[in-house]
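Let's take a walk through a protein fold together. Have a look at the picture below, then read on.

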Amino acid sequence: MELSSHIKSGGGVRMVDVSAKQITRRKAIAGGRVRLGHTAFDALVRGSVGKGDVLTTAQVAGIQAAKETGRLIPLCHPVPLDAVDLEFGFDEKELAVEVRATVATAGRTGVEMEALTAVAIAALTIYDMCKSVSKAVQITDIGLLRKEGGKSGLFVRSDS
């Protein structure tokens, strides 16, 4: 008897066999935020962060991270990605950058982990590039916003 899809009854773990699943179009959108504080937020908006173009660097980092998810997360399948897009928005009230990743594929398993990993690494890149301006930078609220495809169908987070 198996305790879950990833844990074997005799102990140990396994990567789930998805070979019998149908190939379907799958898409996931994840989001998160990076709270910067006044000084770092102003520097980012003005483009005066000393390390360079923060958001372009974070975009590239997020795309790379999505492509490497199967190597980073032990039981995650390596998934051929058809599209990865990262977008950023400024929240002037909260002095934060909103990070959003959209990932798509045609495959046997979803791309939620790829979207979440893209957001996390993009946010960490923003943190890394802004930490010289402020040590009070915080990464918060990383989560799945939407997923489409597969057996479970459509999921939309109720507060997104």
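How many Å does H2 span between its end C-alpha atoms, and what would a straight helix of 19 residues span? H2 spans only 23 Å, while the straight version would span 27 Å at 1.5 Å a residue (the expected span is 1.5 Å times one less than the number of residues). H2 also has a kink of about 45°, centred on alanine 66; the bend is the angle between axes fitted to the seven residues ending there and the seven starting there.

Before going further, a word on the source: this is a predicted model, where local features need pLDDT of at least 70, side-chain atom pairs count only at pLDDT 80 or more, and totals for chains, interfaces and linings use all residues. Residues are numbered from 1 along each chain as its sequence is written, and side-chain values use heavy atoms, leaving out hydrogens and water.

Helices (H or I, at least four residues) and strands (E, at least two) are DSSP runs, numbered from the N terminus. Here are the helices:

| Helix | Residues |
|---|---|
| H1 | 37-46 |
| H2 | 54-72 |
| H3 | 112-130 |

Among the buried residues of H2 are Val54, Ala58 and Ala66 (buried means under 20% relative accessible area, with a 1.4 Å probe and protein chains only). Their cover includes H1, E2 and H3.

Now the sheet: it's open, with five strands in the order E2-E3-E1-E4-E5 and antiparallel pairing. Strands pair if DSSP finds at least two bridges between them. E2 and E5 are the edge strands, each pairing on one side only. E1 and E4 pair over eight bridges.

Notes. Contact means heavy atoms within 4.5 Å. Axes are lines fitted to C-alpha atoms, for helices over the stretch in contact, and angles run from 0 to 180 degrees between N-to-C directions. Buried means under 20% relative accessible area, exposed over 50%, partly exposed in between (1.4 Å probe, protein chains only).
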